[in-house]
Amino acid sequence: MRVAISGVGVAGGVIATGLAALPGVEVLAFERVGPDDHAVAGNGLNVGPNALLALDRALPALADRLRQVSLPWRQWRASTVGGELLAHVPLSAVAASAGLRIRWAELYRACREHNAGVVRYRAEVESVMPGDGSGPLALQVRRADGTPERVDGIDLLIAAEGRFGGIRPQLCGAPDITYLGVANFRVLLQDHGEWPLDDLEQWFNGPNRMLAFRLRDGLVYLSGNLPIEAGQDIPESHKTAAALARSYTPDDGVMAPVPRQLLQGACRAAERGELHWSRLQESTVRWCDGTGRVLYPGDAGHAMVPTLGQGATTAIEDGAVFVDCFRQALSGGLSVPALVRGFEQRRRERVDFIRQFSWEASDVILADGFSLPRVRAKGEAAYRAKLQRLYSLD
Ligand SMILES: Cc1cc2nc3c(=O)[nH]c(=O)nc-3n(C[C@H](O)[C@H](O)[C@H](O)COP(=O)(O)OP(=O)(O)OC[C@H]3O[C@@H](n4cnc5c(N)ncnc54)[C@H](O)[C@@H]3O)c2cc1C
């Protein structure tokens, strides 16, 4: 059994870790960047308890490793920028365990470190030759030194290339993208541990929201949202320090200390050109190609809006569940299309729920969706019940 993995990010890294340990399986993994290149992503992310639950079942050593290199994420909390508490949900009330607060670089490192022998870095999969659909595939790969290479005899291709991958568009057409109508900036701030901020908090000035939490090494991850017209580019005029100050300062000018410090940090970062901007968007779902020999886990198959911190979380879930499906298929005699379709069957409804919930939870960061009662509702029973489902793998 020869399995190729194109893209060793979150989903690809988890799957490579699980499959590399199996007897009778040859794993060939290709990653376009170098082993530490994602350090530039530099940002933080919150990983939901559901990812850890899935990993604890399928790859407990990787779950332990992630806990070691991160901090626990234990709450959802929302206030106004003036400091009035609107909602607070301890994760212990809706999940069996905490989630994680982690740096991107650490997440990628942990997902890659146990599969060093099977990953070829700075090697890009350029295209796939699907053959007649019933036999092995061949790949066209660009090696680190720039020379092309043909890799034959691939029984299963895991195209875990993230939302901008090339294999899915080549085989199935480009996904349709729907824009939420919200711009996002991200930055890491160094406060040397001085600001009174620890676990995840959000502050609203109308639909303009800042979200922040502390990471290891005295760093603070800050992400901000601003409504924009859906599908339009983010106006450059929104990105200046003066515009940010206007967006997050309430009419009465009174801000609580932490959001004020965060805003000042964001403004300084804007002046230095250090904010990373993106638009919130989701793509149409596709799990595999028509032959069932090419699988699209993670963002390659179902990119979603990041409002609930579920993109990488779901990519980890996908990886862990796929490893479990693969082990079961190995012991029962392996048909690749049956394995791939069985995995889709196991994941489809759950991932649809996560995407839908992530989209609905974004109402309060939309220009025409924000209201204080709606933010308050995110601490109440109906919303908690949905969080409970989210964090329980059901
Ligand atoms: C603003 C923002 C904030 C976010 N915050 C969170 C958060 O707090 N929590 C959370 O869970 N998620 C968050 N996400 C989502 C998260 O970033 C993604 O969902 C996650 O990275 C998807 O993992 P993946 O493995 O599918 O793809 P990726 O992590 O993108 O990995 C894909 C890999 O494939 C490689 N690759 C691509 N094409 C090729 C090729 N042809 N050949 C070889 N290699 C290739 C790439 O170099 C990359 O390493 C956020 C996203 C955004 C935009």
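Let me begin with a definition: helix axes are lines fitted to C-alpha atoms over the stretch in contact, and angles run from 0 to 180 degrees between N-to-C directions. Helices (H or I, at least four residues) and strands (E, at least two) are DSSP runs, numbered from the N terminus.

The structure before you is a predicted model, in which local features need pLDDT of at least 70 and side-chain atom pairs count only at pLDDT 80 or more, while totals for chains, interfaces and linings use all residues. Residues are numbered from 1 along each chain as its sequence is written.

I start with helix α1, residues 10-20. Of its 11 residues, 10 are buried, so α1 is largely enclosed by the rest of the structure; a residue is buried if 20 or more other C-beta atoms, placed from the backbone, lie within 10 Å of its own. Among the buried residues are V10, G13, V14 and T17.

Those four residues also meet L107, Y108, C111 and R112 in α4, where contact requires C-beta atoms, placed from the backbone, within 7 Å. The axes of α1 and α4 (residues 104-112) lie 8 Å apart, at an angle of about 25 degrees.

The axes of α9 (residues 311-331) and α10 (residues 336-360) come within 10 Å and cross at roughly 155 degrees. That makes α9 roughly antiparallel to α10, and this crossing is right-handed. The contact comprises nine nonpolar, two polar and three charged residues. Here Ala, Val, Leu, Ile, Met, Phe, Trp, Tyr, Cys and Pro count as nonpolar, Asp, Glu, Lys and Arg as charged, and the others, Gly among them, as polar.

Finally, the ligand. Which residues are the closest to it? They are G7, G9, G162, G298 and G311, within a shell of 34 residues, each with its C-beta atom, placed from the backbone, within 6 Å of the ligand. That shell divides into 13 nonpolar, 15 polar and six charged residues. Both α1 and α9 are among the elements that supply at least two residues, and α9 gives the most, with four.

Definitions and conventions:
Angles under 35 degrees count as roughly parallel, over 145 as roughly antiparallel, 65 to 115 as roughly perpendicular and the rest as oblique. A crossing is left-handed if the near helix is turned anticlockwise from the far one by less than a right angle, and right-handed if clockwise. A residue is buried if 20 or more other C-beta atoms lie within 10 Å of its own, exposed if 12 or fewer, and partly exposed in between; C-beta atoms are placed from the backbone. Two residues are in contact if their C-beta atoms, placed from the backbone, lie within 7 Å.
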